[in-house]
Amino acid sequence: MMLLDQLPILLVILSMLATLLVLGAGWYNRSVCYGIVLLTIIFQFVVSVLLLTRVMNEGTVRYYVGGWLPPLGIELVIDSFSGFILVTIMFLALASVIYLKKSIEKEVPYEKTVSFYVLLQLLIIGLIGMTITGDIFNLYVFLEISSIAAYALIATSRRSYSYVAAFNYLVLGSIAAGFILLGIGNLYVTTGTLNMAELAVLLPASYELSTVHAAFLFMIIGFSIKAAFFPLHLWLPDAYTEAPSAVTVLISTVMAKVSIYALFRMLFSVFTPSYIIESFPITDFILIVSTIAIIAGAVLAIAQTDLKRLLAYSSVSQVGYIMFALGVANLIALEGGLLHILGHAVMKGCLFMVAGAIIYQAGTSRLSDMKGIATRMPISCAAFALAGASMIGIPPTIGFMSKYYLVLGALDAGLWLYAAILLAGSLLAVVYIWRFIEIAYFAGGDHGDHAPQPAFLGREVPVSMLAPMVSLALLCLFLGICIEPVMGIVGPAAALLLGGA
């Protein structure tokens with residue numbers, strides 16, 4: 001019982017210890033780094049499931065670090081929303097770590113192996129901390145830990161342009177961090193507390209103050225940059241394209257989702273729905289921008305000639321779907337938005353894993369070099385097709401279910417035109433997903449045209465890369481079919497957001 005009570009802090013401490021262990025043991029024997037990281041992530045995933053189970057049975061779990069109560073002490077909070085996100089990110093982190101062992105051998109220089117795993121652990125520490133903290137300044141600290149680790153991880157790639165991509169991300173990420181810190185400062189000046197629950201209680205009395213409005217704007221701009229919400233997504237295409245494939249999987253599925261979680265947490269749990277709908281009505285503006293993001297991201301994806309860049313712009317479009325839920329701000333739409341956080345993490349993780357598998361075998365991510373690749377990598381291409389179907393929203397996949405709830409939410413709010421734009425976004429997704437399918441299955445290859453093809457070292461990638469890829473593809477289908485248990489978690493989380501802290 002005592003150990004169960006300590007689970008929230010164990011999530012963070014274990015990562016810290018693992019980081020030190022990787023750093024120390026890795027200098028003597030690099031081969032032990034992967035085992036330490038894998039065991040740590042497995043343990044953290046199990047702990048996250050235990051915590052979510054406890055939350056669903058007993059209610060919100062609160063942990064006071066050192067026994068100090070807020071505002072003096074640091075509070076860790078796991079409720080249905082943070083518990084759902086925690087399990088999602090730890091599952092995707094586990095799948096990514098299983099996938100990356102072989103992948104980084106080709107994409108990351110051998111001498112950077114130890115530092116790669118140390119940075120990976122720091123990234124996980126930051127993301128877990130952001131998800132479970134109940135204090136906005138600690139949220140900022142953990143955000144910066146994860147961001148700095150991500151900048152460095154992108155730069156570990158063998159690609160020559162990776163340093164530029166990491167630098168661009170660092171510049172924009174630092175600007176975002178500055179906005180967020182200014183917002184936190186304004187809130188502290190106004191209320192004298194940094195605890196989220198206390199802020200939610202104290203802020204309504206100051207809703208008319210300009211410092212509160214300024215804090216709100218600073219934070220929504222900062223977190224929108226971090227979440228790559230159009231048109232503040234400029235760091236994303238280069239970062240996703242130039243990073244090692246395993247890092248792309250991590251930041252596109254885990255890191256991007258935690259940034260969106262932080263934005264939702266601040267808007268709904270700290271500022272509360274009454275502020276964003278009545279005192280500082282911004283939902284209509286978010287609704288307009290999110291629909292532009294859905295269309296613009298999809299059109300830009302269609303225009304790409306590189307598979308990773310195509311998927312990167314697709315993420316810009318899919319983030320638009322999640323933000324659409326924030327714009328509608330009713331229960332059904334929020335359920336769809338949270339479901340899309342899970343669905344997009346699973347399907348985009350699979351798609352980027354396939355892109356990484358092709359790079360592993362062919363050394364290229366150019367679409368023109370992938371003609372007939374399905375004959376040589378049939379399982380990988382089938383996984384892409386299944387995850388792509390989910391991205392489009394074909395029933396009964398998880399992508400269909402999340403978009404179904406989003407459309408229902410829009411119709412329930414009387415937003416018929418916006419519901420039609422959601423469907424248009426899915427039609428555009430058909431175009432960019434079909435580009436790869438057509439090239440891989442129908443564009444010739446071994447016995448087709450005479451276009452030069454890259455040298456393949458074999459057929460499919462190793463099992464350690466193939467297994468998580470196929471698992472995520474099947475999960476796109478399984479989650480869509482078995483939607484009721486998922487909604488049993490997503491429903492209370494969405495209701496919690498609308499009910500405030």
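**The aromatic cluster and its surroundings**

Ring pairs join Y151, Y169, W235, Y240 and F352 into a cluster. Keep in mind that this is a predicted model.

Begin with a wider view. Searching the whole structure gives 23 aromatic pairs. One of them is F137 with Y140. Their ring centres are 6.1 Å apart and their planes meet at 35°, so this pair is tilted. An angle over 60 degrees would be needed for edge-to-face, and one under 30 for stacked. Both residues belong to helix α6, residues 136-155. F137 and Y140 are 3 residues apart there, about one helical turn. In general, an α-helix has 3.6 residues a turn, so residues three or four places apart point the same way. F137 is partly exposed, at 36% relative accessibility. Y140 is buried, at 15%.

Now compare a pair from the cluster, W235 and Y240. Here the centres also lie 6.1 Å apart. The planes stand at 75°, so this pair is edge-to-face. How buried are these two residues? W235 has a relative accessible area of 4%, so it counts as buried. Y240 is buried too, because its value is 1%. The cut-off for buried is under 20%.

Most of α15 is covered: 30 of its 32 residues are buried. Just after the helix comes G363, with a positive phi of about 70°.

What does T253 touch beyond its sequence neighbours? Leaving aside those within four places, T253 is in contact with L92, A345, K348 and G349. T253 itself is in helix α11, residues 245-270. At 1% relative accessible area, T253 is buried. A polar atom of the T253 side chain lies 2.5 Å from the backbone oxygen of V249.

The ring of Y34 has the charged end of K101 over it, 5.7 Å from the centre.

Definitions and conventions
Residues numbered from 1 in each chain as written. Predicted model: local features only at pLDDT ≥ 70, side-chain atom pairs only at ≥ 80, totals over all residues. Heavy atoms only, no water. Buried < 20%, exposed > 50% of the residue type's maximum accessible area, 1.4 Å probe, protein only. Helix = DSSP H or I, 4+ residues; strand = E, 2+ residues; numbered from the N terminus. Polar contact = N/O pair within 3.5 Å; in protein donor to acceptor, adjacent residues only side chain to side chain. Contact = heavy atoms within 4.5 Å. Phe/Tyr/Trp six-rings, centres within 6.5 Å; stacked < 30°, edge-to-face > 60°. Lys NZ or Arg CZ within 6 Å of the ring centre and 35° of its normal.
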